[in-house]
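Me: I would like to learn how to read a structure like this one, feature by feature. Where do we begin?

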Amino acid sequence: MKSSTRSLGARNAVLAVVLVLAGLAAQPAAAEERAKDLFGAEKLPTATDPQSFGFYSKGCFAGGVAIPMDGPTWQVMRPSRNRRWGHPAMIALIEKLSRDAVADGWPGLLIGDIAQPRGGPMTSGHASHQIGLDADIWLTPMPDRPLSMAQRESMSATLMVDEKTHLVKDALWTPQHTALLKRAASYPQVERILVNPGIKKKLCDTVKGDRSWLRKIRPFWGHDYHFHMRIGCQPGSPTCKAQEATPDDDGCGKPLSWWFTQEPWRPNTNPDAPKARDLMTMASLPKECRAVLDAPGPASAEVATYHGGAEPVAVAGPEPEAPSLPATTASSTAGLPSAASAFTATPEVGVPVPRPRPPAK
Ligand SMILES: [Zn+2]
């Protein structure tokens, strides 16, 4: 009895040592926790001045605000994802677009993903949308009734492009679709709008008169049920990394014809390879993103919900202003070297694998 107890005790001691060793071994892995899990778990933004850190596909942002779930000229889709957050300039611009679009004859906006409350890599979908300056708008007109929360989760968007020919389905495309994209491209702070190559071709083939705005309309994989509106770095974000300017022509020539060859549509030779956003650790992001994670939030989402068009929307272009996280976090960001040159941009073009369309559900 005694000996058996002793041997059990010894075994427990061995087990304890094994557990301690396992714990030690696990520590480095925990320290490199995936950034998408940390940012994906944030429910609220930081209660600080708005500021974007890093690049569209490698960064985060502070001082985000939410677009209300409903407005007179918009409805937010897929609300359970909690991605209706953005830089205040982005949210104000979406509201403005919704009003202008209705005046142009579009029934109102169905708003898709903008960003997580503090940005960062997302738990699913999207390489970009990380710094509060990207938004997806559905190409499906808003119904003339408020959708229930369940309908917003389940309603399918309209697929505008034939998957075989990569051309727009003519029965679905209307002059109002063109007007909506033209309106979005008309804002000086909008730097580029991503659409499926078929949609770009439709515009190239049909837009008469002023074609200067076509410069901002950029063909990209996916984007066949929504378009993606990207604004430039905003004042007060000195480490926001601007994207290269689009070429100064309508983009309807050779670069577009490439999309109608076999090359962009070859099957992915390594479909199971992890995506960049799945691999990013905190070390992959600008250093300030740690402070963004640690910064205090507002009392509720409602406190940080944007109401009203009084806030000015700045024209694109970073301004050399000092960062302005509040005193509670300033100590952890002050004195850090600028992160702007510490990472490289990952441009939208040149990504070698087609991004599969998210399942229609
Ligand atoms: Zn997008």
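Reply: With the metal site. Donors are N, O and S atoms within 2.8 Å of the metal, and since water is not among the atoms, sites may look incomplete. Keep in mind that this is a predicted model.

Me: Which protein donors does the zinc ion have?

Reply: There are three entries to read: His129 through NE2, Asp136 through OD and His228 through ND1. They lie 2.1 to 2.2 Å from the zinc ion.

Me: How are the donor residues spaced in sequence?

Reply: The pattern is H-x6-D-x91-H.

Me: Now the whole chain. How many helices and strands are there?

Reply: The protein chain has 10 helices and 11 strands. It has 361 residues, and 46% of them count as buried. Its accessible surface comes to about 17200 Å², with 59% belonging to carbon and sulfur atoms.

Me: How do I read a nonpolar core?

Reply: The general idea is that in soluble globular proteins, nonpolar side chains tend to be buried together. Here the largest nonpolar core has 47 residues. Ile94, Leu109, Leu181, Ile199 and Phe227 have the most contacts inside it. Elements that each supply at least two residues of this core include β5 (74-76), α3 (88-104), β8 (134-138) and β11 (226-231). The largest share, eight residues, comes from α3. A second, separate core has 12 residues, among them Leu38, Ala62, Leu285 and Cys289.

Me: What does Leu181 touch beyond its neighbours within four places in sequence?

Reply: Its partners include Trp173, Ile193, Val195, Trp213, Ile217 and Phe227. Ile199 and Leu203 are also in contact with Leu181.

Me: Why is helix α6 described as largely enclosed?

Reply: Count its buried residues. Helix α6 spans residues 197-206, and seven of its 10 residues are buried, so the rest of the structure largely encloses it. The buried ones are Pro197, Gly198, Ile199, Lys200, Lys202, Leu203 and Cys204.

Me: What covers them?

Reply: The cover includes α5 (175-186), β9 (190-195), β10 (217-219) and α7 (254-258).

Methods
Residues numbered from 1 in each chain as written. Predicted model: local features only at pLDDT ≥ 70, side-chain atom pairs only at ≥ 80, totals over all residues. Heavy atoms only, no water. Buried < 20%, exposed > 50% of the residue type's maximum accessible area, 1.4 Å probe, protein only. Helix = DSSP H or I, 4+ residues; strand = E, 2+ residues; numbered from the N terminus. Contact = heavy atoms within 4.5 Å. Donors = N, O, S within 2.8 Å, 3.2 Å for Na, K, Ca; no water. Core = buried A, V, L, I, M, F, W, Y, C linked by side-chain atoms within 4.5 Å. Areas by Shrake-Rupley, 256 points an atom, 1.4 Å probe, with all protein chains shown as cover.
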